[in-house]
Amino acid sequence: MRMRPRPLGRGIPGGFRSPATLVTPLLPMTRLSIALVGGLFACAPVLPESRIASDVARAPAEPWKGPLPPAPPPPGVDQSLLAQVPRQGATLTLRQLVLFALQNSPQTRSTWLSARAAAAGVVSRQSAYYPQIDAQAQLGYTHQTLGKGVATFDVFALTPGGTLNYLLLDLGGRSADVGEAEALLEAANLTHNLAIQDLVLRVEQAYFQYLSTKALAAADEETVREAQTAYQAAEERRNAGVATVADVLQAKTQLSQARLALQQAVGQVATVRGALATSLGVPANLPVDVGELPEELPVHPLGEAVEKLIERAQAQRPDLARARAQALAAANRESSIRSRGLPSLVLNAGASRNYFLDSLFAHGNTYSAAVTLHIPIFNGFRDSADLLQAREQARAAEADAQSVEQQIVLQVWSSYQAVKTAELRVGTSRDLLASAHESAEVARGRYKAGVGSILDLLTAQSALANARAQDVQARADWLVSLATLSHDTGALGLPPEGSP
């Protein structure tokens with residue numbers, strides 16, 4: 001059979017068309033496509049650049065002015081606690097300040113919540129001693145054909161069931177995990193105790209600093225009165241013709257210096273009062289006020305040797321106990337990882353019932369139970385590497401505990417020496433103040449009697465002002481050094497009733 005060739009123009013509407021005629025209608029669409037693709041390729045480098053330009057500064061010398069994420073609102077102060085703070089004119093004792101700070105401190109609240117979280121972690125690790133029971137239900141459809149369509153099965157089934165997995169024996173893995181969690185709980189509780197002691201020390205330091213600043217301001221007021229008296233005496237002597245203008249100018253200069261020192265002391269009192277309020281967790285402008293620095297302090301030598309204080313610190317410092325607990329947790333972690341390579345015995349049990357929905361809820365039961373001995377052989381050296389890491393971390397934790405212990409010994413030694421020095425300074429400053437006061441009285445009497453110079457009087461008054469300042473500082477330093485020594489030995493707690 002011969003095939004007749006078909007003319008090229010047949011079968012095409014409108015007859016035969018030349019290639020040029022076929023291409024012409026496609027030109028506008030082709031050009032549009034080319035322009036679109038070219039535009040996309042041309043914009044490809046521009047899109048990332050525009051995005052970068054909106055995320056960073058435009059030039060190296062310009063700061064970024066992009067939108068900042070909204071800051072969370074600051075937690076407000078408990079108004080019920082603020083109501084406990086006496087207003088202007090009332091004074092607070094040290095014990096009241098410490099109790100208020102403990103109730104309002106975010107640091108102690110944070111450490112307390114962390115300890116609660118660690119306690120929940122212990123319960124989580126202890127769950128490994130209980131069996132794990134799961135329930136499940138499956139609704140399914142199965143279509144099965146046997147042979148070449150000889151038999152066909154369509155099954156709709158509902159299968160509820162349950163499984164039980166119980167670790168019978170693991171050669172120490174669970175106990176090590178629980179021991180690690182308990183050690184971490186102990187460390188968290190000790191961190192909370194440390195936060196309380198640190199807060200008490202901060203409040204006491206701010207309290208004693210405020211007392212000393214107020215006492216220094218009172219001493220400067222007394223110095224101003226004495227300088228005013230000397231200036232009046234110089235004026236009277238000059239009016240009587242027995243003193244020169246130079247005496248009056250020197251006395252006036254001394255009075256101006258005393259007033260300047262008083263103004264600085266008054267400003268420092270306001271600043272330190274704000275620091276005391278801040279240590280309580282309240283605004284600095286809250287009118288928190290306290291009493292006065294005691295004139296007479298029960299200064300007595302320390303009844304214990306420094307070696308006894310060091311032993312006490314080693315026994316009750318919370319940060320040292322925390323470091324030891326962390327070392328114990330690291331050791332338990334090492335034991336837990338070591339148990340991964342040991343055999344374990346697991347009980348697996350299950351039960352289920354199949355309901356065949358297309359056969360009037362006919363059902364069948366399935367039960368199973370097995371005890372499996374699991375023996376790890378090889379897992380790509382993961383357990384070996386983890387064990388080495390845990391062993392080195394345990395050694396590092398032990399070294400950290402030793403370092404903390406050495407630092408504690410140094411702190412107790414330094415605080416002990418500071419208390420001994422403060423004891424001597426209190427006695428010496430009292431003697432210095434008494435002698436400076438007597439010298440100033442003699443110089444004042446000699447000047448009024450006309451047998452002493454104004455320079456002797458001003459020198460004696462300046463020495464008296466310095467003696468007052470040293471006496472105030474010595475008393476405050478002794479109180480602070482006692483609080484620091486109590487903190488460093490781990491014995492710092494609530495101040496007793498009636499404390500200064």
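Author: Start with axes and angles. Axes are lines fitted to C-alpha atoms, for helices over the stretch in contact, and angles run from 0 to 180 degrees between N-to-C directions. Helices (H or I, at least four residues) and strands (E, at least two) are DSSP runs, numbered from the N terminus. Two notes on the source. This is a predicted model, in which local features need pLDDT of at least 70, side-chain atom pairs count only at pLDDT 80 or more, and totals for chains, interfaces and linings use all residues. Residues are numbered from 1 along each chain as its sequence is written, and side-chain values use heavy atoms, with hydrogens and water left out.

Reader: How many helices and strands does the protein chain have?

Author: The protein chain has 12 helices and four strands.

Reader: At what angle do the axes of helix 7 and helix 11 cross?

Author: Angles under 35 degrees count as roughly parallel, over 145 as roughly antiparallel, 65 to 115 as roughly perpendicular and the rest as oblique. The axes of helix 7 (residues 173–239) and helix 11 (residues 382–449) cross at roughly 15 degrees and come within 10 Å. So helix 7 is roughly parallel to helix 11.

Reader: Which residues of helix 7 and helix 11 meet?

Author: Contact means heavy atoms within 4.5 Å. From helix 7 come Glu226, Ala233, Ala234 and Arg237; from helix 11 come Arg444, Tyr447 and Lys448. Now sort by class. Ala, Val, Leu, Ile, Met, Phe, Trp, Tyr, Cys and Pro count as nonpolar, Asp, Glu, Lys and Arg as charged, and the others, Gly among them, as polar. The contact of helix 7 with helix 11 has three nonpolar, no polar and four charged residues.

Reader: What about helix 10 and helix 11?

Author: Helix 10 (residues 318–338) packs on helix 11 at an angle of about 165 degrees, with the axes 8 Å apart. The two are therefore roughly antiparallel. Their contact holds 13 nonpolar, two polar and 10 charged residues.

Reader: And helix 6 with helix 7?

Author: The axes of helix 6 (residues 106–126) and helix 7 cross at roughly 170 degrees and come within 8 Å. That makes helix 6 roughly antiparallel to helix 7. Here the contact residues divide into 13 nonpolar, nine polar and five charged.

Reader: How far apart are the end C-alpha atoms of helix 7?

Author: First, the expected span of a helix is 1.5 Å times one less than its number of residues. The 67 residues of helix 7 should span 99 Å, and the end C-alpha atoms are 98 Å apart, which agrees. Helix 11, with 68 residues, should span 100 Å; its end C-alpha atoms are 96 Å apart, which agrees.

Reader: What follows helix 11?

Author: Glycine 450 does, with a positive phi near 85 degrees. Just after helix 7, glycine 241 takes a positive phi of about 80 degrees.

Reader: Is valine 409 buried, partly exposed or exposed?

Author: Buried means under 20% relative accessible area, exposed over 50%, partly exposed in between (1.4 Å probe, protein chains only). Valine 409 is in helix 11. At 28% relative accessibility, valine 409 counts as partly exposed. Not counting residues up to four places away in sequence, valine 409 touches Ile310 and Gln314.

Reader: Where is tyrosine 367?

Author: Tyrosine 367 lies in strand 4 (residues 362–374). At 62% relative accessibility, tyrosine 367 counts as exposed. Leaving aside neighbours within four places in sequence, tyrosine 367 is in contact with Gly350 and Ala351.
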